[in-house]
Amino acid sequence: MTSELDIFVGNTTLIDEDVYRLWLDGYSVTDAVALRVRSGILEQTGATAAVLQSDTMDHYRTFHMLERLLHAPPKLLHQLIFQIPPSRQALLIERYYAFDEAFVREVLGKKLSKGTKKDLDDISTKTGITLKSCRRQFDNFKRVFKVVEEMRGSLVDNIQQHFLLSDRLARDYAAIVFFANNRFETGKKKLQYLSFGDFAFCAELMIQNWTLGAVDSQMDDMDMDLDKEFLQDLKELKVLVADKDLLDLHKSLVCTALRGKLGVFSEMEANFKNLSRGLVNVAAKLTHNKDVRDLFVDLVEKFVEPCRSDHWPLSDVRFFLNQYSASVHSLDGFRLECGGTIWAHCNLHLPGSSNSPASAFQVAGTTSVHHHAQQFFLYFQ
Amino acid sequence: MPGKLKVKIVAGRHLPVMDRASDLTDAFVEVKFGNTTFKTDVYLKSLNPQWNSEWFKFEVDDEDLQDEPLQITVLDHDTYSANDAIGKVYIDIDPLLYSEAATVISGWFPIYDTIHGIRGEINVVVKVDLFNDLNRFRQSSCGVKFFCTTSIPKCYRAVIIHGFVEELVVNEDPEYQWIDRIRTPRASNEARQRLISLMSGELQRKIGLKVLEMRGNAVVGYLQCFDLEGESGLVVRAIGTACTLDKLSSPAAFLPACNSPSKEMKEIPFNEDPNPNTHSSGPSTPLKNQTYSFSPSKSYSRQSSSSDTDLSLTPKTGMGSGSAGKEGGPFKALLRQQTQSALEQREFPFFTLTAFPPGFLVHVGGVVSARSVKLLDRIHNPDEPETRDAWWAEIRQEIKSHAKALGCHAVVGYSESTSICEEVCILSASGTAAVLNPRFLQDGTVEGCLEQRLEENLSTRCGFCHIPYDELNMPFPAHLTYCYNCRKQKVPDVLFTTIDLPTDATVIGKGCLIQARLCRLKKKAQAEANATAISNLLPFMEYEVHTQLMNKLKLKGMNALFGLRIQITVGENMLMGLASATGVYLAALPTPGGIQIAGKTPNDGSYEQHISHMQKKINDTIAKNKELYEINPPEISEEIIGSPIPEPRQRSRLLRSQSESSDEVTELDLSHGKKDAFVLEIDDTDAMEDVHSLLTDVPPPSGFYSCNTEIMPGINNWTSEIQMFTSVRVIRLSSLNLTNQALNKNFNDLCENLLKSLYFKLRSMIPCCLCHVNFTVSLPEDELIQVTVTAVAITFDKNQALQTTKTPVEKSLQRASTDNEELLQFPLELCSDSLHSHPFPPVKAVTVEKASPVGDGNFRNRSAPPCANSTVGVVKMTPLSFIPGAKITKYLGIINMFFIRETTSLREEGGVSGFLHAFIAEVFAMVRAHVAALGGNAVVSYIMKQCVFMENPNKNQAQCLINVSGDAVVFVRESDLEVVSSQQPTTNCQSSCTEGEVTT
């Protein structure tokens, strides 16, 4: 006696959250059944393994049919085939578009192309996430990317509107899309200590301040691409390190302001020129695509690592960066010559952010403060 | 020519990509009705076209309006090649033809293609302007309402219940026409869908005519079936109960029934040969009377003389081929004659209803059934309905004579079915013999009904259990006792019926689903040999199914079965029997005795031990079941019973000692010469197997109950969550050395596993009850068994459930109050006004309503504010006639849909399971869409009548046919009603009260 056909169709589509999770995690029916057996469901319900098998198969089939609709969530709301209560629909969508932290760190900033997709096996073995699940997550990134790529308006809003995601998830997707579009390098060993949350925070600020959308809200793909003009303007910052007088003046201003407030004052004073040179050089190079991609690597190399080797406490880093950019304003020559526009630009872009006038620096310092302060401290001690 | 049909095509959405190059579609729509076709403009390059067409107007006869479906075809325009069809929508416009139902059909319909399934949706608006035609000779029957519900619909009152109507139409099956060899599967499927749609329209119209002739205005318990006979044709047949219904809110509107003496007297006293079939086994049991009639020679003779017999049996009524038309004739005579004899005079005093107005049912005799085996290739003139009409007339005659033998003049809960395999066809009919209160069958005024109900109220609680036949002159030996309730009348010790449990019956404990399952191997044979073999097997199967039912009933400690449905399915090499019923403990009937086991070889010590072990197990099971189903009949009742009559005490003791013996025994006596039915003799391994199989039935997990009737006896506090579902399983038997035992075991496991699966799936709804569990078995191929289950899971309140275990006395008091409440309702209804404008009288009867979901309510609908959110409106589906926690305020018309789905890429669609899963989901979606378009938010009395599945995995092909029906309704939640009635500001309610409007 073999079962040829075995189906269950409800007027209201039954969704078992546990099975949905197993399905999303890419387990095969057999594995899912084994996992469910291990969870003790048989003892709780008095069911047999055969019943569980049939139930799991059935749910998998339903999810398989729903998957097509989940690719365009608004369709799920308007379709007539599956009668699903709204709360369940939201759950289905949210869970489908959820991603694993470990996975997203692997592909963040990579081109969402076929080539990357081929490497998913490696990522799967590395992260322990099933290949199926990796594929789903990758395809989700790619799909969202394709849909919002050429759209006007706020990136987050577009994602929310077309994929009906929660605010939080939509923001994360905006970060992923932004990184993928600009191809920021995040996979280097040096950057491994940064979490997706750190990058997402950076992305949000960069979208707010560095993109075309920040200047003009009526442009195509306004939130995706960096404002070229702004990057060009950043070149002018070179004067800060190129002009010896200006550099000294800047240093003295910063040192005066920070004297006594910084625990690592002497190190700062000794290293000021190096640090300043590092930061300004990173900023000035951003006109080249390759350097844009290496932004995070460069920042870590040129700024974070020196700080770390000198054991700067986190609060000091922040103080320093604040003062560093604030002092620029009082540099007479700088303001007159060229800086006006740039700093205006920068400040314009950073309205409410009290602790980080120079957004580039923020990347290295503040993000970690917000998300992984502990981690950051570890590296400093 | 009185009718103008207007159609407007608004828009489409989610269309499939038809042009690979642009990934878009150039869609346009053809609207066809009858032979007229209109087209919309082509909407270029869009998957969401906005046609916004003008109104397409069709001027048509109302006859066509009834027969024809509106056919909407969505196509992709192609400049160079033929336009590609995207899919079709068939809309049955019947609901627009009666005044009280829907006024407009408007909404999103899934675009359906028989090869690809649902491909996007289309928004359509349909209206009908109907001019009244008073032509007496008209062929249409617009205005006759149809209900699938097998009880009087909730917002109506039965003025008269006229009786049985039936009709049958035959056509050549397009699948078997020569042209099918050259046309595409799509064209063939569409031809078939269209034909069936046409045929069911025609059938409904003809039945409507008969109803009008009987002076009725509605058909209740309408059951329409298809017989796919193959080469010999496609039969669509329907039965129903003609009624004159009166809408409760509009008291003045009912028809001035048939007092006009001018009506032509058509009645022909039906004096036919009482049993034309020579070897009927006769009425042998009170519970079942079966007749097997097959004699090959006879079928020849019938063939040759079919026309004569037909004429004599069923005089024609002008048009149509049926025989029920003249039932209307005798009607007036009823008024003058003794009602009882008048009822007998009807050709077929059958009622398809399973639940009745209080007082309608007087006594119940038992189940009557008849089966007959026919050869389809011997039909002389396959395109004409005469032969089939004659077949059914013959079976109905048998049923009628069986009922008569039980001292009953009517059959209620009547149904008919067929099982076809190649050229062999088993026709079956069954029902419950009953004595009815004649007052409902004639023109009664409201007062009359009320009076009747008052007077009946006192006795009906146990009245229906009392035997209708003469005690001294019983048609069969049965064991009678005095009724445990009134102690005046005699009752049988077991009662089997096909109807629902009457609402006023006193039940102890809860009920449960009882199934008997049986397989019998049969040699493959041809034609007559085959038919003979089948008809020889049938009695044994019936007998065994019956024994199983009886044993299982005893094992559950119960004494009555309701909703009994026995299905016999014929396959190439086997016969399957599946009986489902709901067992209950009726307080009026005696306590069932246990089951005794006896061994054949008493000398063997270890064997003895084994036997006693088994006996202990059985006794334990009975005790456990009694606990599980809360069956604890009050002990005192026996004392009471003992006191008024001196003998019964002794008698009852006698009965106890040999209570295993019952009418069942006597049946055995007659047929097999055994002594005692409930002494199970274990003389061989087979018997052992049987006993084991009895014990293997696992009760549902705690918190679950199941029954196949409308409501679960003993539970009356339903909460509002419902989940209707269909589950299909097909198993392949290993073809090697199949024995009856192995087959039985396989089949048993299949059903048990299926039930277990259901319990597991629905575990989140606990505590809940599976109601109206409907099993259908078919044998699509040699080694395949297919079981289809449709049921609804309803949650109930556990805390309140505890209260239901009160004494029957209390319960009956409650009943009485409910009854009073219902009585009061009529005057209330009479003075209450129309739906929308009138504020509600703040009646506080809702609590009572909650207690008995089948009770009629006093609340009228107030059109609920349409839900503001933009998702698709929720449409509930249920096989029951009510929606727990809600009031049905309007019936919008019958839903009767037939779909074919075929695939040539079975593997790609996820194999057979994937294919059928998607198809059933699509069928649900289409039903919901149609209901929503009618303005409804639920389907009640939903039934999947057919699910024929064929596969050919080698060719990667599969085909499935599904036929569903139900009543589209509007319901309003009781909680909302309460809000309205207490005049509080109605805040917008959630999806529960949407008018089913689908908005984008």
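**The interface of chains A and B and a sheet of chain B**

Between chain B and chain A, 23 residue pairs are in polar contact, both residues of each pair being at pLDDT 80 or more. The model is a predicted one. Several elements of chain B give two or more residues to the side that touches chain A. They are β7 (104–113), β8 (117–129), β26 (718–732), α16 (740–761), β29, α20 and β31. Helix α20(B) provides the largest share of that side, 13 residues. By residue class, the side of chain B that touches chain A divides into 25 nonpolar, 14 polar and 12 charged residues.

The contact takes 51 residues from chain B and 36 residues from chain A. Together the two chains bury about 3,900 Å². Carbon and sulfur atoms account for 61% of this area. Three residues, B:Phe760, B:Lys761 and B:His917, supply 21% of the area that chain B buries against chain A.

Salt bridges between chain B and chain A number 5. B:Lys761 forms a salt bridge with A:Asp58. The closest N and O atoms of this pair are 3.6 Å apart.

Strand β1 (residues 2–10) of chain A pairs with β26(B) in the antiparallel sense, over 8 bridges. A:Thr2 has B:Arg732 of β26(B) as its bridge partner. Strands of a sheet pair through backbone hydrogen bonds.

Within chain B, 4 strands form an open sheet with mixed pairing. Their order is β29-β31-β32-β30. β29 (876–877) and β30 (886–903) of chain B each have a single partner strand and stand at the edges, so one side of each is left without a neighbour in the sheet. β30(B) runs antiparallel to β32(B) (residues 957–973), and 16 bridges join the two. Within this pairing, B:Phe898 stands opposite B:Asn963 of β32(B).

Two helices of chain B lie against these strands. Helix α20 (residues 911–933) packs on the sheet and touches β29, β30, β31 (938–952) and β32 of chain B. Its direction makes about 145° with that of β30(B). Helix α2 (residues 185–213) of chain B lies across β30 and β32 of chain B. This helix runs at about 145° to β30(B).

Note on methods
Residues numbered from 1 in each chain as written. Chains lettered and ligands numbered in written order. Predicted model: local features only at pLDDT ≥ 70, side-chain atom pairs only at ≥ 80, totals over all residues. Heavy atoms only, no water. Pairing = 2+ DSSP bridges. Contact = heavy atoms within 4.5 Å. Axes fitted to C-alpha atoms, helices over the stretch in contact; angles between N-to-C directions. Buried area = accessible area lost by both parts, 1.4 Å probe. Salt bridge = Lys/Arg side-chain N within 4 Å of Asp/Glu carboxyl O. Polar contact = N/O pair within 3.5 Å; in protein donor to acceptor, adjacent residues only side chain to side chain. Nonpolar A, V, L, I, M, F, W, Y, C, P; charged D, E, K, R; others polar.
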